[in-house]
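I opened my notebook and asked for the structure.

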Amino acid sequence: MMHKLTKAALAFNGLGRCFIIEKHVPAVKIIRRGLVSAEHGDDSAKNEVYDVIISGGGMVGSAMACSLGMDPNLVGKKILLLEAGNKKVMDKVPDTYSTRVSSISPGSATLLSGVGAWEHITKMRCKPYKKMQVWDACSDALITFDKENLQDEMAYIVENDIVVAALTKQLDSLSDNVKVKYRSKVVKYTWPMPHHAADSIPWVQVTLANGETLQTKLLIGADGPNSMVRRELGIPTVKWNYDQSAVVAVLHLSEPTENNVAWQRFLPTGPIAMLPLSDTESSLVWSTSHRLAEELLELDEESFVDAINSAFWSNENQSELIETAGSLFRGALSTIMPSAGSPRQLPPSVAGIGPKTRVMFPLGMGHASEYIRHRVALIGDAAHRVHPLAGQGANLGFGDVACLTQLLSQAAFNGKDLGAMQHLLEYETERQRHNLPMMAAIDLMKRLYSTNAAPVVLLRTFGLQATNMLPALKEQIMAFASK
Amino acid sequence: MYSNKFNCLMLGLYSRNRSAVCGLVQSAPGRSGFSWTAVCKQRSLKLQRSACLERQHHPMPCQISTRSASQTTVDPDEVRRFQSLASKWWDEQGDFAALHAMNDLRVPFIRDNLLNVHRARHPGKPLAGLRILDVGCGGGLLTEPLGRLGANVLGIDPVEDSIYTAQLHASYDPDLSDRVSYQACTLEELSSEEKEEQGADQFDAVVASEVVEHLADLETFAFCCNQALKPGGSLFITTINKTNLSYALGIVVAEQLLRIVPSGTHDWEKFISPVELERLLESNGFSVQSVQGMLYNPVSGAWSWTNSTAINYALHAVKHRDDPQPDRAEERSPRPEDHTAATHS
């Protein structure tokens, strides 16, 4: 079943550029049995056994720890969060913005406020935005998303550091239930044998760099796109590199503006996005080929700013054919739906960038064909990794957190062993059903907009314009992305 | 197969040491003595075809210790079969898959009915402070979830190997090993121990899940349950109805065709209908609170609640608060229909 999903994902994406399937084990039974030999221990049974260990203290891992720690049905359970880095305390919010930001959907904001972290975030720094404009470089087509009458916020731009700091602060207040070990790197995982091997230890064993061995009934892998948990389990992963890197920077706008719009333009080399941070500053996420990305990093500040402005403003990629066709489509559509559609607005111009803030990182797509094993679950980027063009990466992870917490809570209320497969399978099914279509859509968008071949451009122009004219469809898209 | 084992042990104990077992004779001579004799006679006739009957004809001296009982009453073939099965309790996809799946129904059933009476004071451990007895616990499939919910659970089962498996499984979990304990004995033995220690009426709840259809003497069972419970305590039973449908689906389909349970597990004659069970319990000092049908879907491997009690059902009864002892005047003159009901075998 899982392999059918893998193959389907592959088939969906047609050729795929360079994908690597890590390990291909034919019989599902063998996979499900667990791998490395378990150890026989006489006195290990007396050692403390944690109920849940979460490996990885990033945004998603910390959110998982808070979420479990605050659940009423999990009171009294022993929960541990392992983070290889240092504790991220933020007593005072730094004056400069950091480059890595995330778009937090209303669904994720609900989760974060449920665990008590949203309060800290709003006190520190976050920027709600009310509208999003996405348009093509090769044609006039555009689509705008906004809530009715611009009253409600669509989503929030928050720096990743602030999210982690807020969650860390919340974890401090949950120290009875949830312990956190910083600077603890995991060197080895030992998986339990199948249950009818009577003599071995039935728990997952986690060995740290300092020699400590911990046991747990459930291991949650939140250790990012290069997850060690996933690798050690040998879970087949569909992944490919996009041959693209993202350049991120903090931009200073030419003049202060209300700045509550998120802008994204699809260039043939990749999408460029400007996300509001404050009235005077925005965050840049420019996904482009590796070569161009390196060039961009090497430009001096002025040239870099020019490149950004030109990317957003210039129309050189448009051919006459496309322009004519575009206006024809628009004319035709406006006879059907005269009131829909919106005029194209231009993003604010950029005057400078924040000091030393230009960074690049490679982009890729990854999806674990299984999210779970006996006593193990993967959440966040460890299970799925997407292109940033839709701003969904963190939100998918928070969605995993919400789903898994709810299932574990119910399982605990039914007296179940937290590592049992039954509810873990439910988690996997529910999240794969949600994540796969989203990931396929994002990948499709990326491929669709990666070319300036006329037929494709015409197709996407028409598609975008049509979608822009259908408020019902746009609402559906927003609802799906907001979960 | 379990049914035979239970029969042998129960009957073996009765025929050998009637006076010593459970102290029941002392406490309620008229009723118990009568029904036991009749039961034993009925049982011995009934079990002509059972292999272990041969041993019953030679009453052997034995103490009421479980070790000797199992060594003398049980057919070595049975023991071997149990030993091989004992390790399979915890294989969730194995022979006991249906029982594992049944936890989805019976744990909430027990938990919610207990919470109706005892308000939950401890979030995370809703059953904290309650003492529960799990009769016929087997490998501890139901005992462990109840322990995880915070209750102090004692699981008893006459089959030693099952108890050993249960103890081993629970020993790995430090959370459970404080609250969950096991004993290889029968309900009657436990009652007698409790009586001796003067600690009768110990448990807040008694659970007998998928056990009643394997028992020889339901009267005694109901009586012992009554003895073991505090006034107002709850009795939870899940068992199989005695209908044509339960024969067709519960035995023919489940055992022979689909092999959901190992063949020979159930004997249709031992099934009891909810009405009869209710009557039995009410005449033993219980008041039946609810009866609910359960349905197993072999395709999905999941149980669900259903309106029809035609096959499986769950029953919740509460021991009367003001009258802990069964009504003796009523029992002294046996009524034929009660007699037949109790010895329905």
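I checked Glu213(B) in this predicted model. Glu213(B) is buried, because its relative accessible area is 0% (buried is under 20%, exposed over 50%, partly exposed in between, with a 1.4 Å probe and protein chains only). I found Glu213(B) in the loop between strand E4 (203-209) and helix H12 (218-228) of chain B. Helices (H or I, at least four residues) and strands (E, at least two) are DSSP runs, numbered from the N terminus.

Next I listed contacts, meaning heavy atoms within 4.5 Å. Setting aside neighbours within four places in sequence, Glu213(B) touches Thr238(B), Thr239(B), Ile240(B), His266(B), Lys270(B) and Phe271(B).

I moved on to His214(B), found in the loop between E4 and H12 of chain B. His214(B) is buried, at 5% relative accessible area. I then read the UniProt record: its unreviewed entry puts the annotation "binding site" on Glu210(B), Glu213(B) and His214(B). Such annotations may be inferred rather than shown by experiment; feature names are shortened and positions follow the numbering used here.

Then I turned to chain A. Which order do the strands of the open sheet have? The order of the three is E4-E8-E5, with antiparallel pairing (two strands pair if DSSP finds at least two bridges between them). Strands E4 (101-104) and E5 (127-129) of chain A stand at the edges with a single partner strand each, so one side of each has no neighbour in the sheet.

I noted four bridges joining E4(A) to strand E8 (residues 155-159) of chain A. Ser103(A) has Ile157(A) as its bridge partner in E8(A).

My note on method: residues are numbered from 1 along each chain as its sequence is written, and chains are lettered from A and ligands numbered from 1 in the order in which they are written. Local features need pLDDT of at least 70, side-chain atom pairs count only at pLDDT 80 or more, totals for chains, interfaces and linings use all residues, and side-chain values use heavy atoms, with hydrogens and water left out.
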